[in-house]
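Work through the exercises below with the model open. Each task is followed by its solution.

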Amino acid sequence: MQAAMTDLIAELRAACGERHVLTEHDDLRTYESDGLLQYVAMPRVVVLPGSADAVARAVRACHRAGVPWVARGAGSGLSGGALPVEDGVVIALTRMRRILEVDLVDGRVVCEPGVTNLAISQAVGPSHFYPPDPSSQVVCSIGGNVAENSGGAHCFKYGFTTNYVIALEVVLPDGELVTLGGEELDLPGYDLLGAFVGSEGTLGVATKITVRVVPTPESVRTLVAFFDSTGRAGEAVSAIVSAGMVPGAIEMMDQLSIGASEQMAHAGWPLDAGAALLVELDGSEAECDAQLADLRRICDEAGAHDVREAGDDAERAIFWKMRKAAFPAMGRVSPHYYVQDSVIPRTRLTEVLERIDELAREYGLRVGNVFHAGDGNLHPLVCYDGNAPGEAERAEELAGEIVLACVELGGSITGEHGIGVDKKRYMPAMFGEDDLAAFQKLRCAFDPDGLANPGKVMPTPRLCGEVPGPYREHPLEKAGLAERM
Amino acid sequence: MSSSKQASRELVKPASAEEAAGALQAAAAEGHSVRVIGAATKRGWGHVVPKADVELSTAGLDAIVEHNVGDLTAVLQAGVPLALAQETFGAAGQMLSVDPPLGAGAAATIGGTVATADSGPLRHRFHALRDLVIGVTVALPDGSVARAGGKVIKNVAGYDLAKLMTGAFGTLGVICQVSVRLHPRPADMATVHAPGSDPGVLAAAAAALAYRPLEPLALDIDYQRGNGAVLARFGGVTAVAQAGGAVAILREAGLPDAAIVEDDESLWQRQRKGQRAADGGAVIRVAGTPRRLGAVLQAAEALGARAVARGGIGTAWIKLPAAGSAEHIAAIEELRVRVAPSPATVLDAPDAVREALDPWGALAPATVALMRRVKERFDPAATCNRGLFVDGI
């Protein structure tokens, strides 16, 4: 085994270059976790390939040696999706960060997986932008976005990563290079591209990514409305949606999160407000103007005691800073916190918030609520003190109860952070045995040996086994001389 | 539209996904093939295949299971006619943002539309049907019923089998139920109609419009023998004002007669109709890019064909004039050469035409090999729609 590993490391060095293969403990430690620090595992080797060919050679070497590997982008994921396999290989794509082609006539950008999400918008701005915008967009990589099908604040109107990726060059777990999708849309054949995006690194690793970009909206109008309670704000959201509006973003923060964010962003928002609703309209100037008046009226009717519109880009930036600071700012009001990600049908918002309140009281812990209200994607922040005995475990248990409550209301265990290792135990709450078996069929088609990011997504490890004997047409049948009866 | 040569031996009409899975399992055990049928409006698409042993109709799966008005979602059984679903959604001021031609008697079902990934002009703004299907229930040949996705619009739990099934032509299993995302129906609609005769100018004008932040619902080109137009449809409370902005851009782009049409539905009916051929006709779908559209329109011109194209997407439907099979085959082969490397998929065409050439065209061998691996895992005995799909899958 040790000798086999030594051979593998030599092969990896040949594939990626001596300098780009890390085996020293201190170097490897950087890679022992992703953005979810609760989980730690030490890989045996980390490689940083500089080309698709190097990735393919590295994966082929792992395949020959039967050693599992995990692809990693910026490591900002929040579900442990890039957690290494103990003593396995990590393939870090951070050196592959070239934007290869920008074509604004066709509205396409071709890039390597290590390019950051924000760099794509910067490459095509100001006339165009890349819509999926996770809060981590300054650092997170497009390769990681593809693996996780990342969302962001603007998906209610614009959709998710999967709606914008049109082609991928992928190294399959046996080291073969294939193209999924293409520069054209509506291609014949199975939508393997659609199956790959969001597969959390379990079907292969993307080495070249083509995304669509869209024109930057002519007009953007951002306003914030303050309500007595999240329930009231939720009613406003329902009224906005019922009125036929599709705002670019509808975000909600509760009192605890407003208070925390205010300490970082200093927007001067009222600390006694029960909820803040941040709504952004974008599109044609005429349409935005017309909808803005309706939006103000709806907020007033729903009981908003104050509605403020961002007067300029600087103020708009402060509004968004309040929202995007919510996670880090929570660190100022609580020593530790656990970020949850789950989804409910939007109309069940009030019910789920009541349930979260009940659970928080029951567990004696505070829960801040920040969410993408348009699409019902909640991010409860469970506050705890890790130094108090048992509190971390209680917080995690509470977070789990919240996830299960969302599933009971017809929702999902994750809206954008992924399953990774963190959520796989909840998969059976959402999917039955037959559903999981169907997922496994797809996984085995791509990775029959189970080497690509094993131990993620599926609740229990499974082996693929042989393809159940495919039907083969008998030569006599083929010749039309016999028929099966 | 053509139909299969002979009727199948057995017809089953399951009333549930479990019954459908049972029928597939029984057929698989016997090595039988199963043809899956919704309203049969696209029955002539794909390879011409021998009669199946069993025909499985989704007609018994005809319930609109949920329409969650406040959530803008719906759950539909596969056999629900798309037109009927749209009527239901329309009553609440909503729509499923997919508008393909609905075939004879406007009978096309949601299941058949998902299985063939068909689309219409709204594809410009609302992406493809794959992007609107948020959950799927599928009966598999191993007798199981698998669900993926859910009924919330944002969800990354588990593999996206809904996308895998969308456009798979029923070759991985039978789609029994789908959850879909809905959109509000625009309060008002208006279309800019900008006539022009030069294919290059039309394509460039559409691209110029797509480049600007105008958010049309649809952006099409219509072209036939020197007569063509760019059509851009706008929606919202200010639809007419938005269209006014597009008029100026299209005029500047070399289409001086651009004008607003407020009563515009018939224009779009005509575009949808251009995506299908009557009996004996042929329609080929060319998947290109906006940049290549001018050349695709020129290819249509050379063949005397009509082209309907999505200006901001790059996909075009080329309808060949009525002719004999030999002429159709020659025209399709010429079209494929002219539009290369854009794949040209033959949709409607007489059996003789689809027997003489591969309606799907050639795909990259490595990609096809991976598709076969997927097929073998889901449908190892090739029970479902045997031979119909790409590479004879």
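This is a predicted model: local features need pLDDT of at least 70, side-chain atom pairs count only at pLDDT 80 or more; totals for chains, interfaces and linings use all residues.

**Exercise 1. Find how many residues join domain 2 and domain 3 of chain A.**

Solution. Six residues of domain 2 of chain A contact eleven residues of domain 3 of chain A. Contact requires C-beta atoms, placed from the backbone, within 7 Å. By class, the domain 2 side that touches domain 3 has three nonpolar, two polar and one charged residues. Ala, Val, Leu, Ile, Met, Phe, Trp, Tyr, Cys and Pro count as nonpolar; Asp, Glu, Lys and Arg as charged; the others, Gly among them, as polar.

Residues are numbered from 1 along each chain as its sequence is written, while chains are lettered from A and ligands numbered from 1 in the order in which they are written.

**Exercise 2. State what fraction of chain B is buried.**

Solution. Buried residues make up 63% of the 393 residues in chain B. Buried means 20 or more other C-beta atoms within 10 Å of the residue's own, exposed 12 or fewer, partly exposed in between; C-beta atoms are placed from the backbone. Now take the contacts in chain B with a separation of 6 or more: 71% come from residues 24 or more positions apart. Finally, the extent: the C-alpha trace of chain B spans about 65 × 55 × 40 Å along its principal axes.

Technical notes. Two residues are in contact if their C-beta atoms, placed from the backbone, lie within 7 Å.
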